[in-house]
Amino acid sequence: MKVLSVVGARPQFVKLAPIASAAAEAGVEHLIVHTGQHYDPLLSDVFFEDLSIPKPTVHLGVGSGSHGVQTGAMLGAMDAVLDEHRPDWVLVYGDTNSTLAAAVSAVKLHFKVAHLEAGLRSFNRRMPEEHNRVLTDHAADLCLAPTEVAMRHLADEGLADRSIVVGDVMTDVLYQVRDRVLAADAVGLPGYAAGEYYLATIHRAENTDDPARLRAILESLGRLDRPVVVMAHPRLVAKCAEHGIPLEQGALLAHPPLRYPDLVAATMSSAGVVTDSGGLQKEAFLLRVPCTTVRTETEWVETVELGWNRLAADPADVAAAVARPRPADTDAEPYGDGRAAARVIAALSEWSAG
Ligand code: UD1
């Protein structure tokens, strides 16, 4: 069996790591196509180094652009790649423009598509990621759901007979990296005492593209009661510069994006996380660090139901959410047991035959 993974953005490199190693363990031929959506070394290359991911077989070098330009460039480039490598499965990850482009290219050329992290829904049609998810799930031959909630969404949309729950591959990689960080005694963020800082990331279009909203979010972070280390995604830096909004104000301190092991280490000893990232909400929960999410909704509803995540769509609500009492301990495992990637590879073999 030949599996061709298509990735392009930071969270996809994290999910790719356990898949690449599960494929190698199972003796499955695995090729990697990097679309080039993320090209900054800190958003791309360091993940391949730190998570021991094999080098991509193909790099499309697409880079940034408006949605249509970026997605279209990937779509145009994928045809020749698929024609040359003729995989049994095209595996696409999550909800980015790279995911959608690869899925559309593959189904049109009659290559089987499996969608990892299928069935997530925000039900917010203003999010570019929501269109990417829905369209990819409906194009896919196999939907690999991370949770029971995601599986229910797929069933509600009539996709139950091509969907299965495999667990969340981000849990696999997070647990492995957490154990490495603990073994190396590397918990923490250099320069900051444990429990004395918050970790923040803001990058989603819905939070960065309206200058009034971006300004209000950063002001609310700047007023928190401890240093807030904001790991600045290029989109955030670019939008702040464009609109003349200071990234460092009050308690806010800008920090370049962290490498994955450093992010895990820094999260573990933070007093809390404030974010609009999908992955970090879940990582905080898995590390049992309280999270506040600056969005109107989340796809990872389990984190909210279990009390470890609180939504603060209005920047005025961030401080109260951050100051809430520590949530009750739980041993719930809504995101699986850390062995999802092996299940993904097994499912691909099984569904190849069918
Ligand atoms: C993309 C995903 C989002 C995901 C995020 C993770 C889509 C629609 N969005 O958002 O779901 O959570 O990745 O980070 O696919 N830029 C750089 N260097 C880079 C990459 C981007 O400077 O390496 C700049 C671009 O010039 C652009 C901005 O960041 O101005 C946005 O990049 P883009 O890849 O379009 O989307 P993200 O915001 O990263």
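This is a predicted model: local features need pLDDT of at least 70, side-chain atom pairs count only at pLDDT 80 or more; totals for chains, interfaces and linings use all residues.
Residues are numbered from 1 along each chain as its sequence is written, and side-chain values use heavy atoms, with hydrogens and water left out. Local features need pLDDT of at least 70 and side-chain atom pairs pLDDT 80 or more, while totals for chains, interfaces and linings use all residues.

Select the ligand. Around the ligand are 18 residues, each with a heavy atom within 4 Å of it. His38, Tyr39, Asp40, Glu129 and Arg235 come nearest. By class, the shell holds five nonpolar, nine polar and four charged residues; Ala, Val, Leu, Ile, Met, Phe, Trp, Tyr, Cys and Pro count as nonpolar, Asp, Glu, Lys and Arg as charged, and the others, Gly among them, as polar.

Next, show distances from the oxygen atoms of the ligand. The side chain of His38 has an N or O atom 2.6 Å from a ligand oxygen. For Glu129, a polar side-chain atom is 2.8 Å from an oxygen of the ligand. At Asn97 a polar backbone atom is 2.9 Å from a ligand oxygen. On its own the ligand has 740 Å² of accessible area, and the protein covers 85% of it (Shrake-Rupley method, 1.4 Å probe).

Colour by domain, with bounds from an automatic or database assignment. The ligand lies between domain 1 (2-168 + 336-353) and domain 2 (179-322), because both give residues to its shell. Then pick α3 (67-85) and α10 (234-243), each of which supplies at least two shell residues; helices are DSSP runs of H or I, at least four residues, and strands are runs of E, at least two, numbered from the N terminus.

Arg86, not a glycine, has a positive phi of about 40°. Finish at His110, in the loop between α4 (97-108) and β5 (113-116). The phi of His110 is also positive, near 65°. Most residues other than glycine have a negative phi.

How values were computed. A polar contact is a pair of N or O atoms within 3.5 Å; within protein, one must be able to donate a hydrogen and the other to accept it, and residues adjacent in sequence count only if both atoms are side-chain atoms.
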